[in-house]
Amino acid sequence: LEEMFKHQEKYAKLFKEELKQMKDEQEALEAEMREMVPRKELIEALGQLDSQRDASEAALKKVEVLEEHNQNLRDDMQNLYRECEKLRSELAGAKGEVEALREVTTDTGNLKKQINELQLQVTDKGEELEHERKTIVQLQNKLDKIEKQLA
C-alpha cells in the first residue's frame with residue numbers, strides 16, 4: 001500500500017508539474033500572439049486560451065484536492081496500522097485468554113475491512129487522476145491545434 005501511495009504521489013506531482021508547465025507555455029503563447037496576430041483573431045485565440053487555461057487550472061485544483069485526500073488516506077492507513085500494532089500487543093499480553101482473542105480477532109477483521117475500503121478509495125482516486133491526466137492531454141492537443149492554426 002505504501003508503494004501504491006508513493007507511486008500515486010509521484011504521479012500526482014508529475015501531473016501537477018506538467019499542468020504548471022502547460023500554464024507557463026500558454027502564457028508565453030499569449031504574449032507571442034499579441035505581437036503576431038491581428039486584433040480580431042487575437043481576441044478569439046485569447047478567448048480560447050483563457051478557456052483552456054481555466055480548464056487547466058480547474059484540473060490542477062482537482063489534482064491538489066486529490067493529493068490532499070491521498071495524504072488523508074495515508075494518515076488513516078498509518079492510524080490503522082498503529083491500531084493493528086496495538087491489537088497485536090494486546091493479543092500477546094492476553095496469554096491464551098479466549099475472550100481477549102475473540103475481541104482482537106473481531107477488531108482485526110474490522111480493520112482489514114477498513115483497509116480494504118481505503119484501498120478501494122485509493123484505487124478510485126488513481127483512476128480519477130488518470131482521467132484528469134487524459135483531460136489535460138486533450139487540452140494540450142487542442143492547444144497544439146490552435147498553435148498550428150496560428151502558425
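Analyst: Helices are DSSP runs of H or I of at least four residues, strands are runs of E of at least two, and both are numbered from the N terminus. The structure shown is a predicted model, in which local features need pLDDT of at least 70 and side-chain atom pairs count only at pLDDT 80 or more, while totals for chains, interfaces and linings use all residues. Residues are numbered from 1 along each chain as its sequence is written, and side-chain values use heavy atoms, with hydrogens and water left out.

User: How many helices and strands does the protein have?

Analyst: The protein has 3 helices and 0 strands. Along the sequence, the pattern reads α-α-α. The radius of gyration (taken over C-alpha atoms) is set against a globule rule of 2.2 Å times the number of residues to the power 0.38. Here the radius is 24 Å, well over the 15 Å that the rule gives for 151 residues, so the protein is more spread out than a compact globule. Along the principal axes, its C-alpha atoms fill a box of roughly 85 × 20 × 15 Å.

User: What share of the residues counts as buried?

Analyst: A residue is buried under 20% relative accessible area, exposed over 50% and partly exposed in between (1.4 Å probe, protein chains only). Of the 151 residues, 28% count as buried.

User: How is a contact to be read, and what share of the contacts joins residues at least 24 apart?

Analyst: A contact means heavy atoms within 4.5 Å. Among contacts between residues at least 6 apart in sequence, 84% join residues at least 24 apart.

User: Which residues line the largest cavity?

Analyst: A cavity is a set of points on a 1 Å grid over the protein atoms alone where a 1.4 Å probe fits but cannot get out, and its lining residues have an atom within 4 Å of a point. Points are joined across faces, edges and corners, and the volume is the space filled by probe spheres set on them. The count here is 1 cavity of 30 Å³ or more, and the largest cavity holds about 30 Å³ of space. Its lining consists of Gln 8, Ala 12, Leu 66, Glu 67, Asn 70, Lys 125 and Leu 129.

User: Which helix supplies the largest share of that lining?

Analyst: Helix α2 does, with 3 residues. At least two lining residues come from each of α1 (2-36), α2 (39-94) and α3 (98-150). By class, the lining has 3 nonpolar, 2 polar and 2 charged residues; Ala, Val, Leu, Ile, Met, Phe, Trp, Tyr, Cys and Pro count as nonpolar, Asp, Glu, Lys and Arg as charged, and the others, Gly among them, as polar.

User: Is Gln 8 buried or exposed, and which residues is Gln 8 in contact with?

Analyst: Gln 8, in helix α1, counts as buried because its relative accessibility is 9%. Apart from neighbours within four places in sequence, Gln 8 is in contact with Asn 70, Val 122, Lys 125, Gly 126 and Leu 129. The C-alpha atoms of Gln 8 and Leu 139, 131 residues apart along the chain, are separated by 22 Å.

User: Where is Gln 140 placed, and what does Gln 140 touch?

Analyst: Gln 140 is in helix α3. Its relative accessibility is 17%, so Gln 140 counts as buried. Beyond residues up to four places away in sequence, Gln 140 touches Met 22 and Glu 25.

User: Is Lys 112 buried or exposed?

Analyst: Lys 112, also a residue of helix α3, counts as exposed at 54% relative accessibility. Lys 62, by contrast, is found in helix α2 and is partly exposed, with a relative accessible area of 46%. From C-alpha to C-alpha, Lys 62 and Ala 31 are 27 Å apart in space and 31 residues apart in sequence.

Definitions and conventions
On a 1 Å grid over the protein atoms alone, a cavity is a set of points where a 1.4 Å probe fits but cannot get out, and a pocket is an open set with protein on both sides within 12 Å along at least five of seven lines; lining residues have an atom within 4 Å of a point.
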